Amino acid sequence: PALLIGLLVGVLEVALATSFASLVFRGELAPHLSRGIGMALFSATVGITVVALLTSYPAIVSGNQDAPAAILGVMAAAIVGLVAGDEARLATTVVAVALTTLAAGFFLFGLGTFRLAGLVRFLPYPVAGGFLAGTGWLLLVGGISTMSNLPFTISESPALFEPRILAYWLPGLLLGAIILGLSNRVRHYLFMPLMILAIIIGFYLVATLLGMSPAELSDAGWLLGPFPAGRLWQPLNQAELAAVEWSAIWSQLPNLLSAVIISAIALLLNATGLELAFNRDIDLNREMRATGVANLLSGAGAGFIGYAQLGMSSLSERMGAASRLVGLTAAAICGVTLLLGGMVLGFVPTIVFGSLLAYLGLSFLWEWVVEARRRLPLIDYTIVLLILAVIAAFGFLQGVAVGIIATVTMFVISYSRTSVVKHELNGA
């Protein structure tokens with residue numbers, strides 16, 4: 001069972017790694033997507049292996065994560081706008097990703113080493129919800145940008161609705177919504193792999209009916225490839241380091257800090273969810289240390305941020321495969337794909353990964369914008385919407401600040417209405 005689940009998790013991790021790479025390496029960076037996929041697969045291979053060996057509970061499976069990937073996508077888009085020259089843009093983006101992952105590794109390892117992980121629990125619940133809603137928005141627009149190959153901005157929004165461009169992203173958005181609707185009803189562990197396979201088969205059936213060859217599909221932008229020959233992952237070299245525009249990276253410090261903070265928060269939320277799913281306590285400080293080490297090693301190779309995954313870990317537990325072998329097998333699948341998978345990935349439709357990003361984004365938005373209305377007080381729900389709006393308009397760090405200020409203000413107002421007198425007695 002552990003080998004079977006590990007194989008399944010490995011395939012899903014490859015799909016997620018490719019999706020998150022396409023979220024960062026899009027637009028002007030799209031020609032370097034193979035480099036981004038290599039970075040994501042490298043971090044998946046290293047991160048899953050390290051956490052599988054160091055975690056406090058064998059069923060926990062790590063992997064690349066959507067929330068920090070969404071912020072990395074924002075950072076990459078900003079760097080493209082600030083830096084001139086293809087070589088400098090690529091080098092600056094790769095170094096920015098590496099520094100962000102290294103910073104997250106140091107921060108998480110520090111929290112675990114000094115037993116400060118419990119402090120993250122003091123984050124107000126509406127602020128955490130606003131973070132996740134904002135993450136959903138960034139994933140959704142990132143998926144649309146990935147499929148259309150256009151930035152999701154106010155100036156570019158009219159072009160997104162041109163019939164030719166609409167054909168690239170609207171089917172993927174609809175597929176993401178369908179996956180979300182079905183996932184709420186179908187709980188089988190084979191659901192997601194079968195959906196991915198069905199999308200690929202359906203895509204090529206339609207292409208065959210239209211008489212389009214793989215070469216024509218690639219030229220028209222429907223496929224990820226073609227990728228250059230050689231390995232997907234390449235370490236940074238001296239020439240690239242010399243081309244880095246450090247001022248552009250410095251300008252992204254707020255987004256870097258946001259990625260670090262939200263990684264700690266999301267790891268806490270996932271760990272809390274896993275405690276409920278496993279019906280047992282998890283050593284959060286140990287998980288922080290293990291995840292910190294994983295991200296330090298991933299960052300050294302310019303990989304993406306990763307930490308414990310709620311869905312994959314719960315799947316491992318439910319299938320009776322609570323073994324470190326699950327993570328090690330999944331890491332092996334990612335490693336093999338990293339070494340050999342460039343040509344295979346070149347035939348995968350972009351709609352597969354765009355629809356996955358759309359599904360993840362819609363799932364966050366559905367939970368924290370639609371369902372949260374029924375379970376949150378009006379004030380808390382309003383704060384969630386406020387944070388979402390600020391993140392969509394200005395950025396994560398601004399959303400964090402506004403959310404905390406709003407939550408603290410409402411807390412003070414609420415408690416100021418509470419009488420300090422507990423009992424009032426008279427002579428009678």
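Predicted model: local features only at pLDDT ≥ 70, side-chain atom pairs only at ≥ 80, totals over all residues.

Helix 2 gives the most, with four residues. Sorted by class, the lining of the largest cavity comes out as five nonpolar, eight polar and no charged residues.

Next up is the second largest pocket, with a volume of about 830 Å³. It is lined by 37 residues, and the closest to its centre are Arg 26, Val 74, Ala 77, Phe 152 and Thr 153. Quite a list of elements gives two or more residues to this lining: helix 1 (2-24), helix 3 (66-82), helix 5, helix 6 (157-160), helix 12 (253-278), helix 18 (378-393) and helix 19 (396-416).

Which helix gives the most to the lining of the second largest pocket? That's helix 3, with eight residues.

## Helix 3 against helix 5

Two of the pocket's contributors, helix 3 and helix 5, also cross each other: their axes come within 9 Å, at roughly 60°. Angles from 65 to 115 degrees would count as roughly perpendicular and those under 35 as roughly parallel, so helix 3 and helix 5 are oblique to each other. The crossing of helix 3 and helix 5 is left-handed.

On the helix 3 side, Asp 66, Ala 67, Ala 70 and Val 74 make the contact, and they meet Thr 135, Leu 138 and Leu 139 of helix 5. By class, that contact has five nonpolar, one polar and one charged residues. Val 74 turns up here and also among the residues closest to the centre of the second largest pocket.

## Helix 5 against helix 7

Helix 5 (residues 125-148) also packs on helix 7 (residues 163-183), with the axes 8 Å apart and an angle of about 135°. Helix 5 and helix 7 are therefore oblique to each other, and their crossing is right-handed.

Helix 5 brings Leu 140, Ile 144, Met 147 and Ser 148 to this contact, while helix 7 brings Ile 165, Tyr 168, Trp 169, Gly 172 and Leu 173. The class count for helix 5 with helix 7 is seven nonpolar, two polar and no charged residues.

## Helix 8 against helix 17

Where do helix 8 (residues 191-209) and helix 17 (residues 350-375) stand? Their axes come within 10 Å and cross at roughly 140°. Roughly antiparallel would take an angle over 145 degrees, so helix 8 is oblique to helix 17. Helix 8 and helix 17 make a right-handed crossing.

In helix 8, the residues involved are Met 192, Ile 196, Ile 199, Ile 200 and Phe 203, and they meet Ile 351, Val 352, Ser 355, Leu 356 and Tyr 359 in helix 17. This contact has nine nonpolar residues, one polar residue and no charged ones.

Technical notes. Residues numbered from 1 in each chain as written. Heavy atoms only, no water. Axes fitted to C-alpha atoms, helices over the stretch in contact; angles between N-to-C directions. Left-handed = near helix turned anticlockwise from the far one by under 90°. Contact = heavy atoms within 4.5 Å. Nonpolar A, V, L, I, M, F, W, Y, C, P; charged D, E, K, R; others polar. 1 Å grid on protein atoms, 1.4 Å probe; cavity = no way out; pocket = protein on both sides within 12 Å on 5 of 7 lines; lining within 4 Å. Points joined across faces, edges and corners; volume = space filled by probe spheres on them.
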